[in-house]
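Open the model in your viewer and keep the sequence panel beside it. The tour goes stop by stop, each time with something to select.

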Amino acid sequence: MDLHAFKQKVLPVQGRLFRLAKLFLRNREEAEDTLQEVLLKLWTKRQQLETYQSVEALAVQMTRNLCLDKLKSHANRTTEYDADLTAVQAAGVSPYQQAELSDTASVLRRIIGELPEPQKLVLHLRDVEEYSFEEIEEVTGLTVNNIRVILSRARQRVRDSYLKTNDYEAGY
């Protein structure tokens, strides 16, 4: 694979890889470092990339594995940054709404972060990255039916945890 082909196949997915790394590592700098490592590994393997059915699936799998390795190696749960708050401020909402949206985003990040790894990965790939079930099947090696079950359970768990956190169920 030459430089032109590499740019066409690999570079367009770097945004997805970064968001996936950020999901796992919860730190912008760590996610950027992970993305660079994955891109470097792909570049060094560029001659073998033609043998893979989906270079994107390979890149996602490499990113996921590298993130898990980093989490295992130094068990870092670094502080979260609040990019959501910056986006909300730019939207021109009131300070009360900013605080409420920031709190909600923080709660949802915590809940999603507590999901088991397969649920977290499938939820992110489907709902954030908007992968098709077939693409998720390629990346994870799970069957489509299994992906649907995992996704359903993940969404239900997030919903239940969110409602429980906010005591919405107390009135019912």
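Which residues gather in a patch of negative charge on the surface? Select Glu 134, Glu 135, Glu 137 and Glu 138, which form that patch. A patch is made of residues with over 30% relative accessible area and no salt bridge, where like charges are joined within 9 Å and nonpolar side chains (Val, Leu, Ile, Met, Phe, Trp, Tyr) within 5 Å. Lys and Arg count as positive, Asp and Glu as negative, while His and the chain ends are not counted. The place of a charge is taken as NZ of Lys, CZ of Arg, CG of Asp or CD of Glu. Accessible areas come from the Shrake-Rupley method with a 1.4 Å probe, and for residues only the protein chains shown count as cover.

Before moving on, note that this is a predicted model: local features need pLDDT of at least 70, side-chain atom pairs count only at pLDDT 80 or more, and totals for chains, interfaces and linings use all residues. Residues are numbered from 1 along each chain as its sequence is written, and side-chain values use heavy atoms, with hydrogens and water left out.

Stay on Glu 137, which is found in helix H8 (residues 133-140). Glu 137 has 33% relative accessibility and therefore counts as partly exposed. Buried means under 20% relative accessible area, exposed over 50%, and partly exposed in between (1.4 Å probe, protein chains only).

**The whole chain**

Now colour by secondary structure. The chain has nine helices and zero strands, and its elements run α-α-α-α-α-α-α-α-α from the N terminus on. Helices (H or I, at least four residues) and strands (E, at least two) are DSSP runs, numbered from the N terminus. Of the 172 residues in the chain, 35% are buried.

**An aromatic pair**

Next, select Phe 6 and Trp 43. The structure holds one aromatic pair. In this pair the ring centres of Phe 6 and Trp 43 are 5.0 Å apart and the planes stand at 80°, so the pair is edge-to-face. Rings of Phe, Tyr and Trp (its six-membered ring) pair if their centres lie within 6.5 Å; planes under 30 degrees apart count as stacked, over 60 as edge-to-face and the rest as tilted. Phe 6 lies in helix H1 (residues 3-9) and Trp 43 in helix H3 (residues 28-44), so the pair ties together parts that are 37 residues apart in sequence. Phe 6 is buried, at a relative accessible area of 6%, whereas Trp 43 is partly exposed at 29%.

Ala 5 is also placed in helix H1. Ala 5 is buried, with a relative accessible area of 18%.

**Salt bridges**

How many salt bridges does a search of the whole structure find? The search finds eleven. A salt bridge is a side-chain nitrogen of Lys or Arg within 4 Å of a carboxyl oxygen of Asp or Glu.

Select Lys 9 and Glu 50, a salt bridge whose closest N and O atoms are 3.8 Å apart. Lys 9 lies in helix H1 and Glu 50 in the loop between H3 and helix H4 (55-74), so the pair ties together parts that are 41 residues apart in sequence. Lys 9 is partly exposed at 40% relative accessible area, and Glu 50 is partly exposed at 47%.

Go on to Arg 16 and Glu 129, whose side chains meet in a salt bridge (3.6 Å, N to O). Arg 16 is in helix H2 (residues 14-25) and Glu 129 in the loop between helix H7 (117-128) and H8, 113 residues apart. Arg 16 is partly exposed at 25%, while Glu 129 is buried at 4%.

Then pick Arg 155 and Asp 127, a salt bridge with its closest N and O atoms 2.5 Å apart. Arg 155 lies in helix H9 (residues 144-165) and Asp 127 in helix H7, so the pair ties together parts that are 28 residues apart in sequence.

**Last stop**

Finish at Glu 130, in the loop between H7 and H8. Its phi is near 60°, a positive value in a residue other than glycine. Most residues other than glycine have a negative phi. Glu 130 counts as exposed, at 63% relative accessibility.
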